[in-house]
Amino acid sequence: MAAWDLGPGESHVLSWAICHPTYEAILDDRAARKAAKSLQVNVRGTLSIVLLAKQAGYITSASTEISKLVESGFRVSTEVLTKVLELAEE
């Protein structure tokens, strides 16, 4: 993990995912995603979790939950946000 100069959180997630290959790593950091791809670790991002929660009926509004994430410092491009909300049918 040291070769990618990732933060401790990303490094721990990737290490755990390598040891548990039937699980997906939840990563949003670009460098961590590149490392995961190189290590053949399946990855899912935070926004896909929000989308899955909406589709499964666990939440009623993806946009509300994403707004909360953005308020707490989560960064997302307008293009990605538009696509996620389109997929969430919002």
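User: Let us begin with the contact between Arg 44 and Glu 24: how far apart are the closest N and O atoms of the salt bridge?

Analyst: A salt bridge is counted when a side-chain nitrogen of Lys or Arg lies within 4 Å of a carboxyl oxygen of Asp or Glu. In this case the closest N and O atoms of Arg 44 and Glu 24 are 2.7 Å apart. Arg 44 belongs to strand β2, and Glu 24 to the loop between α1 (8–19) and β1 (25–26), so the pair ties together parts that are 20 residues apart in sequence. This is a predicted model, in which local features need pLDDT of at least 70 and side-chain atom pairs count only at pLDDT 80 or more, while totals for chains, interfaces and linings use all residues. Residues are numbered from 1 along each chain as its sequence is written, and side-chain values use heavy atoms, with hydrogens and water left out.

User: How many salt bridges does the structure hold?

Analyst: There are 4 salt bridges. Among them is the pair of Glu 90 and Lys 54, whose closest N and O atoms lie 2.8 Å apart. That pair links distant parts of the chain, with Glu 90 in the segment after α5 and Lys 54 in helix α3, 36 residues apart. Glu 90 is partly exposed because its relative accessibility is 39%. Another is formed by the side chains of Glu 86 and Lys 83, at 3.5 Å from N to O. Both residues lie in helix α5, 3 residues apart, which is about one turn of the helix. Lys 83 has a relative accessible area of 44% and is therefore partly exposed.

User: How many helices and strands are there in the chain?

Analyst: Helices (H or I, at least four residues) and strands (E, at least two) are DSSP runs, numbered from the N terminus. The chain has 5 helices and 2 strands, and its elements follow the order α-β-α-β-α-α-α from the N terminus on. Along the principal axes, the C-alpha atoms fill a box of roughly 40 × 25 × 20 Å. A contact in space can be read against this order: Ser 48 and Val 84 are 36 residues apart in sequence, and their C-alpha atoms are 7.9 Å apart. Ser 48 lies in helix α3 and, at 23% relative accessibility, is partly exposed.

User: What is the phi of Gln 40?

Analyst: Gln 40 has a phi near 60°, a positive value in a residue other than glycine. Its place is the loop between α2 and β2, and Gln 40 counts as exposed because its relative accessibility is 73%. Glu 89, likewise not a glycine, has a positive phi of about 60°. Glu 89 is in the segment after α5 and is exposed, at 74%.

User: Which residues make the nonpolar surface patch?

Analyst: Patches join residues with over 30% relative accessible area and no salt bridge; nonpolar side chains (Val, Leu, Ile, Met, Phe, Trp, Tyr) are joined within 5 Å, and like charges within 9 Å. Areas come from the Shrake-Rupley method with a 1.4 Å probe, only the protein chains shown counting as cover for residues. Here Trp 4, Ile 18 and Leu 39 make a nonpolar patch of about 230 Å². Leu 39 sits in the loop between α2 (30–38) and β2 (43–44), and is partly exposed because its relative accessibility is 31%.

User: How much space lies in the largest pocket?

Analyst: On a 1 Å grid over the protein atoms alone, a pocket is an open set of points where a 1.4 Å probe fits, with protein on both sides within 12 Å along at least five of seven lines; lining residues have an atom within 4 Å of a point. The largest pocket holds about 370 Å³. It is lined by 13 residues, of which Asp 28, Asp 29, Phe 74, Arg 75 and Val 76 are the closest to its centre. The elements that give two or more residues to this lining are α2 and α3 (46–56), with α3 supplying the largest share, 3 residues.

Notes. Buried means under 20% relative accessible area, exposed over 50%, partly exposed in between (1.4 Å probe, protein chains only). Grid points are joined across faces, edges and corners, and a volume is the space filled by probe spheres set on the points.
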